[in-house]
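Reader: Hi! Can we go through this one together? I'm new to reading structures.

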Amino acid sequence: MNLFRSEEHLQRWLGGREPGGTTSVAKLSELAHAWWDDRFSPDWVPHTREQNQAILDSLGLSGSFWQLA
Amino acid sequence: MNGADLDLRRRTYAFMVDNGRAPQAEELGTREDVVVGWRRLHDAHALVLNPATDEIRMLNPLSAVPTAYRVHAAGRWWYANCAWDAFGVCAALHADGRIEASCPDCGEPIAVEVRDAKSDDESLLFHVLVPARHWWDDIVFT
């Protein structure tokens with residue numbers, strides 16, 4: 001899960017491999033804040049798979065690549 | 001995950017946030033009891049142990065070992081496990097921050113300021129190589 005300077009840099013790094021999932025940094029920040037916001041809370045309880053999938057779905061990260069186990 | 005496991009997890013994370021490093025098992029209780037609890041938390045994906053040593057490897061989004069993603073937030077430098085977790089450090093601390101990394105392709109430095117949960121550089125691209133259903137097959141590689 002890496003940051004690249006541009007699409008050109010990503011494609012060169014992939015070197016012909018199939019790309020995985022790609023998003024803007026704006027969406028990454030939204031995702032991270034939705035996913036990790038409660039992680040240091042003393043009242044933290046585990047997210048369910050459904051809760052985490054809902055976070056991905058709410059940001060348009062859908063399709064088979066983004067389906068959690 | 002029972003109440004005792006959740007309490008051990010809470011104390012483990014609190015130690016990391018307070019001290020800027022992961023605890024040794026002995027710092028939280030009897031080593032054997034703590035390690036047994038950590039193993040249950042590892043199996044539940046609530047933290048990640050180094051299986052060879054039973055030491056903490058990840059308290060997601062924080063890394064207990066140096067990585068390519070450094071984050072300055074809440075008055076301290078932290079290591080994150082990946083780009084997602086780097087933003088997650090700011091999110092979990094509820095703080096603005098600065099992320100420093102390098103482009104995996106060219107090695108040029110990347111620096112991102114996070115203010116009010118937003119990045120100051122929208123030109124960058126985030127890429128995930130491993131499909132979500134396989135993230136926990138090998139979380140260190142992911």
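This is a predicted model: local features need pLDDT of at least 70, side-chain atom pairs count only at pLDDT 80 or more; totals for chains, interfaces and linings use all residues.

Reader: OK. At what angle do helix α2 of chain A and helix α3 of chain B cross?

Author: Roughly 55°. Their axes come within 8 Å. α2(A) and α3(B) are therefore oblique to each other.

Reader: Is the crossing left-handed or right-handed?

Author: α2(A) passes α3(B) in a right-handed crossing.

Reader: Which residues meet there?

Author: From α2(A), they include A:Leu28, A:Leu31, A:Trp35 and A:Trp36. From α3(B), they include B:Trp84, B:Asp85, B:Phe87 and B:Cys90. The residues of this contact divide into 12 nonpolar, 3 polar and 1 charged.

Reader: New topic. Is A:Asn52 buried or exposed?

Author: Buried. A:Asn52 has a relative accessible area of 13%, and the cut-off for buried is under 20%. A:Asn52 sits in helix α3 of chain A, residues 49-58.

Reader: What does A:Asn52 touch?

Author: Leaving out residues up to four places away in sequence, A:Asn52 touches A:Trp35, A:His47 and A:Leu68. A:Trp35 is also one of the α2(A) residues that meet α3(B).

Reader: Now chain B. How many helices and strands?

Author: Chain B has 3 helices and 9 strands. Its radius of gyration is 16 Å, close to the 14 Å that the globule rule gives for 142 residues, so chain B is as compact as a globular protein of that length.

Reader: And how much of chain B is buried?

Author: Buried residues make up 46% of its 142 residues.

Technical notes: Residues are numbered from 1 along each chain as its sequence is written. Chains are lettered from A and ligands numbered from 1 in the order in which they are written. Side-chain values use heavy atoms; hydrogens and water are left out. Axes are lines fitted to C-alpha atoms, for helices over the stretch in contact, and angles run from 0 to 180 degrees between N-to-C directions. Helices (H or I, at least four residues) and strands (E, at least two) are DSSP runs, numbered from the N terminus. Angles under 35 degrees count as roughly parallel, over 145 as roughly antiparallel, 65 to 115 as roughly perpendicular and the rest as oblique. A crossing is left-handed if the near helix is turned anticlockwise from the far one by less than a right angle, and right-handed if clockwise. Contact means heavy atoms within 4.5 Å. Ala, Val, Leu, Ile, Met, Phe, Trp, Tyr, Cys and Pro count as nonpolar, Asp, Glu, Lys and Arg as charged, and the others, Gly among them, as polar. Buried means under 20% relative accessible area, exposed over 50%, partly exposed in between (1.4 Å probe, protein chains only). The radius of gyration is taken over C-alpha atoms; the globule rule is 2.2 Å times the number of residues to the power 0.38.
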